[in-house]
Amino acid sequence: MLIACQDGDREAFSGLYRVTSPQLFGLALRILRRRDWAEEAVQECFVTIWRRAKDYRPDLGPALPWITVILRNKCLDRLRREKPLQPLDESAVADRPDEGPSPLEGALAADDARRLKGCVDQLEDDQRKSILLAYYEGLTHEQLAARLAAPLGTVKSWIRRGLQRLKRCLEP
Amino acid sequence: MTIDSDDLNDLAGEYVLGTLAGAERVAFEGRLQREPAAMRAVASWAQHLQPLADAVTPAIPAPQLWQRIESELGLPARTKMRAPMWIAAAVAAAIVAIALLFPDLIMKPEVNAVAQLASPQGGEPAFVVSVLDDQQKLLIRAANVAPQPNNSYELWAVPSTGAPVSLGVVEQTGETEREVAENARSLLTIGATLAVSLEPIGGSTTGAPTTVMFVGALASPQ
């Protein structure tokens, strides 16, 4: 009986992988733009999930957002480790999924997605652009400033004001 | 709301967004270990921004990735280890979340091509073969097949030049799901011919099809 339970739990971990890995890998690929890096990020993410499972607090919210934060942090660690040394090789980006600037445009009609999209749409252009670039490309304040050709302080305030506005919109 | 909690919310938002970098991030991660309010703020932002993650097109990682995770964790297939209880709940929640957001992911994985294999003399298709996940996987459904208890059915890719390449023995009833060997993936393009042959139990012993029973061409789905 105990063995059956133990089997079930291992099964659950592999089930979690089967169910969530396509979405997590898609996100990692979107941020890192390289299959090998994206696979390593997903690997590190699941290793952390297993080891830090006790840190997850079900009373604070569902598991998937908790997992997504872990995955994105792994992706950002990788980006920030590699980027100064090795600028993205555009030829290695061939298997990047073909997506526009904001996948949210194509988001499905789930309630949460619709609500977030509504709130993102209410942001000022600069706020929206900098938040989406930060989320999907993992850009730092400095990189955003370079990309958007704006002073660092301005970019920081776009992000901060944009997030505050999002929060007010999502939690009226 | 106090100034402190506003500040905490801003930091938590930036942490989840990923713009909190370097020393600021390290400092915040320290607070996250100690302060329940910081934990709550991060959990709330994580939930708010989750639809951004859900909106990305899913992609299938290499089949070996799961083995790499298991071996890094020292969880070889035969070792019994106890997974934390929440994972079972998380799986259930994740399945529901993903089924809601991505019904296609659960109901039907991405189908690249479909072939209906029928007798060359015509008639109803005996097998329906779906090519999934960028030629990495096959789903073979036995639709209308005479059972052959003393033989096996074997699936082949038939290139326009060169010898047929075995895609393995398939079940005579129900569905067979199968990874496609690397060298066969390029053969599974639209228009390519697939065939099912009748073989001794366990498959062809010669490396070539014995008696071809059903053939069909891969077409794009719909």
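Visitor: What pLDDT does chain A average?
Guide: Keep in mind that this is a predicted model. In chain A, 78% of the residues score at least 70. The average pLDDT for chain A is 80.

Visitor: Which helix of chain A has the highest confidence?
Guide: Start from the other end: confidence in chain A is lowest in helix α1 (residues 2-32), with a mean of 73. Over residues 1-8 of chain A the pLDDT is below 50, and that stretch has five contacts beyond near neighbours in sequence. Residues 105-109 of chain A also stay under 50, with eleven contacts beyond four places in sequence. At the top, with 95, is helix α7 (residues 152-170) of chain A.

Visitor: And what is the mean pLDDT of chain B?
Guide: In chain B, 82% of the residues reach 70 or more. The mean pLDDT of chain B is 82.

Visitor: Where in chain B is confidence lowest?
Guide: Two stretches of chain B stay under 50 in pLDDT. One is residues 78-82, with nine contacts beyond four places in sequence; another is residues 104-108, with five such contacts. By element, α3(B) has the highest confidence in the chain at 93, while the lowest, at a mean of 47, belongs to helix α6 (residues 103-107) of chain B.

Visitor: What ipTM does the model score?
Guide: Two scores come with the model as a whole. The pTM is 0.59, and the ipTM is 0.84.

Visitor: On to packing: at what angle do α3 of chain A and α3 of chain B pack?
Guide: Two packed helices are described by the angle between their axes and the distance between the axes. Here helix α3 (residues 63-82) of chain A meets helix α3 (residues 36-54) of chain B with the axes 9 Å apart. Angles of 65 to 115 degrees count as roughly perpendicular, so α3(A) is roughly perpendicular to α3(B). The angle itself is about 75°.

Visitor: How many residues of that contact between α3(A) and α3(B) are nonpolar?
Guide: From α3(A) the contact uses L64(A), P65(A), W66(A), T68(A) and V69(A). From α3(B) come A46(B), Q47(B), Q50(B) and A53(B). No charged residue takes part and three are polar, while the nonpolar ones number six.

Visitor: Is E72(B) buried, exposed or partly exposed?
Guide: E72(B) belongs to helix α4 (residues 65-72) of chain B. Beyond its neighbours within four places in sequence, E72(B) contacts Q43(A) and V47(A). Buried takes 20 or more C-beta neighbours and exposed 12 or fewer; E72(B) has 13 inside 10 Å, so it counts as partly exposed.

Visitor: How many strands are there in chain B?
Guide: Buried residues make up 34% of the 222 residues in this chain. Of the contacts in chain B with a separation of 6 or more, 57% join residues 24 or more positions apart. Chain B has seven helices, and its strands number eight.

Visitor: In β8(B), which residue is the bridge partner of L198(B)?
Guide: This takes us to the open sheet β5-β4-β7-β8 of chain B, also described as antiparallel, where the twist averages 25° from one strand to the next. Its edge strands are β5 and β8 (211-217) of chain B. Strand β7 (residues 193-200) of chain B is joined to β8(B) by six bridges, and the partner of L198(B) is T211(B).

How values were computed. Residues are numbered from 1 along each chain as its sequence is written. Chains are lettered from A and ligands numbered from 1 in the order in which they are written. This is a predicted model: local features need pLDDT of at least 70, side-chain atom pairs count only at pLDDT 80 or more; totals for chains, interfaces and linings use all residues. Helices (H or I, at least four residues) and strands (E, at least two) are DSSP runs, numbered from the N terminus. Two residues are in contact if their C-beta atoms, placed from the backbone, lie within 7 Å. pLDDT is the predictor's confidence in each residue, from 0 to 100. Axes are lines fitted to C-alpha atoms, for helices over the stretch in contact, and angles run from 0 to 180 degrees between N-to-C directions. Angles under 35 degrees count as roughly parallel, over 145 as roughly antiparallel, 65 to 115 as roughly perpendicular and the rest as oblique. Ala, Val, Leu, Ile, Met, Phe, Trp, Tyr, Cys and Pro count as nonpolar, Asp, Glu, Lys and Arg as charged, and the others, Gly among them, as polar. Two strands pair if DSSP finds at least two bridges between them.
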